[in-house]
Amino acid sequence: MASSPATGPSVLIAGGGLAGLAAAAALGGAGYGVRLFESRGFLGGRATSFPLSPGDGDSEVIDNCQHVLLGCCDNLLDFYARLGVRDKIRFHQEYYFLEPGGRLSTLRRGLLPAPFHLSGSFLSMQCLDLRDKLAIARGLAALARERKTRNDLHSISMLDWLTEKRQTPRAVQRFWRQVLVSAINEELDRMAAAYGFQVFWLGFLSRADGCDMGVPLAPLAELYAKEAWSRMGNVAIHPRAPVDDIDPACGFRVDGERHAADFYIAALPFERLAAIAPSLGIEADRFAHSPIVGIHLWFDRPVAGVPHATLLDRTIQWMFNKSEGRYLQLVVSAARALGTMSRSDVVDLAVRELIEFFPEAGRAKLVRSHVIKEMRATFSAAPGAEALRLGPETDFPNLFVAGDWTRSGWPATMEGAVRSGYLAAEAITRAAGTPLRFLR
């Protein structure tokens, strides 16, 4: 993917996930000469899509898992704008909470200013009783007060904090857990309270549009397609080019050949980076992973009428209506229990639970199914994990790191990955003596 001549220093980037792509977009737009190496034949890392039947030119393309963003994801939206694909995100102002049996509650942004913009619909939610709602209101008020005054939020779990605030079991299960496990990909008893605080403060309390849910209108890989990068100055993308070794003194080794530049960014998972850049001293075994399972179901008729829904009190957490109710994507975050199940058993479980929410699924024929297990979807946002996360700088003045596992200021999300790429890009501009700011 050729580009115009660069006017600034040269940069090599290892990794074509969102972190590496964000760094490339920022630095390329600033006149740096950027070359990005990605081991696979497609971009996006864990936020990508692929043909259901490889080798078939007419195959349907599916996402590895449904990815969504919130209105507060300013840097991710800035990245999409840089690539000219911001208009491929559709925002929804309502969340549908479905109980077994099909009763629907809607949480919708209203006309009141933050933090009261959800209050009208919240009070009318049938899936919570008055005692639950009073507990949640007390909890949100305490969260707003304590987010800057407590110094133990990275060392206690979110469940510890919710227990301290005397949240009802149903409030925990149907509200706090339903939002946070999906947002952070970890269970409440394994999740540092600080991350839960951040999601609710930025997404639900600090601004009225922060909770708007953005769903891509196109397969994820289309957001990073060749056409987008052709408009990005000075960036060359090298697919199917895994970096085998990173040496700050002599550069990247790719397919036996060395490539050198003024600066380097390693935007790779921590376990991969520890293997190919031992000089960084990354203790990968101190991190843990948390899995996500995506379940794709195609029926012979429409079975669901809402565009999306969070499914209460069952294993399946979210449903996304991808094609007029005939094709559904189901998502289970922190899906350790599904990791050892066969794919056919996962499908059987998903269909069985889906019928409880959408009875028409029991009368329809399941035409096709596909299960994707991302066992290393994110790092586990456990108490104490923040201290393990690296900043963009390393002990080497020309080598920088990025990735959703680094210290981005966010949990392991698409926004966190883009933030980390922008932070690494900013660090390079400082090292080059012409500091620039990319982070929004």
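Glu94 is placed in strand S7 (residues 94-98), where strands (E, at least two residues) and helices (H or I, at least four) are DSSP runs numbered from the N terminus. The structure is a predicted model, in which local features need pLDDT of at least 70 and side-chain atom pairs count only at pLDDT 80 or more, whereas totals for chains, interfaces and linings use all residues. Residues are numbered from 1 along each chain as its sequence is written, and side-chain values use heavy atoms, with hydrogens and water left out. With a relative accessible area of 16%, Glu94 is buried (buried means under 20% relative accessible area, exposed over 50% and partly exposed in between, with a 1.4 Å probe and protein chains only). When residues up to four places away in sequence are not counted, Glu94 touches Thr106, Leu107, Arg108 and His308, contact being defined as heavy atoms within 4.5 Å.

Helix H4 has 17 residues and reaches 24 Å from its first C-alpha to its last, close to the 24 Å expected at 1.5 Å a residue, the expected span being 1.5 Å times one less than the number of residues. The buried residues of H4 are Asp132, Lys133, Ala135, Ile136, Gly139, Leu140, Ala142, Leu143 and Glu146, and they pack against H3, helix H5 (158-164), helix H6 (169-184) and H7. An α-helix has 3.6 residues a turn, so residues three or four places apart point the same way. Helix H4 (residues 130-146) packs against helix H7 (residues 193-205) at an angle of about 105°, with the axes 10 Å apart; axes are lines fitted to C-alpha atoms, for helices over the stretch in contact, and angles run from 0 to 180 degrees between N-to-C directions. H4 and H7 are therefore roughly perpendicular to each other (65 to 115 degrees, with under 35 counted as roughly parallel, over 145 as roughly antiparallel and the rest as oblique). In this contact, Leu140, Leu143, Ala144 and Glu146 of H4 meet Phe197, Phe200, Trp201 and Leu205 of H7. By class, the contact of H4 with H7 has seven nonpolar, no polar and one charged residues, where Ala, Val, Leu, Ile, Met, Phe, Trp, Tyr, Cys and Pro count as nonpolar, Asp, Glu, Lys and Arg as charged, and the others, Gly among them, as polar.

The structure holds 20 aromatic pairs, a pair being rings of Phe, Tyr and Trp (its six-membered ring) whose centres lie within 6.5 Å, with planes under 30 degrees apart counted as stacked, over 60 as edge-to-face and the rest as tilted. Phe263 and Phe400 form a tilted pair, at 6.4 Å centre to centre and 55° between the planes. Because Phe263 lies in strand S14 (residues 263-266) and Phe400 in strand S20 (residues 399-401), this pair ties together parts that are 137 residues apart in sequence. Phe263 counts as buried at 10% relative accessibility, and Phe400 is buried with a relative accessible area of 3%. Tyr422 and Phe438 also form a tilted pair, at 6.5 Å centre to centre and 50° between the planes. One aromatic cluster is formed by Tyr95, Phe122, Trp161, Phe175, Trp176, Phe197, Phe200, Phe204, Trp318 and Phe320.

Phe116, in the loop between strand S8 (104-108) and helix H3 (119-123), is exposed, with a relative accessible area of 51%.
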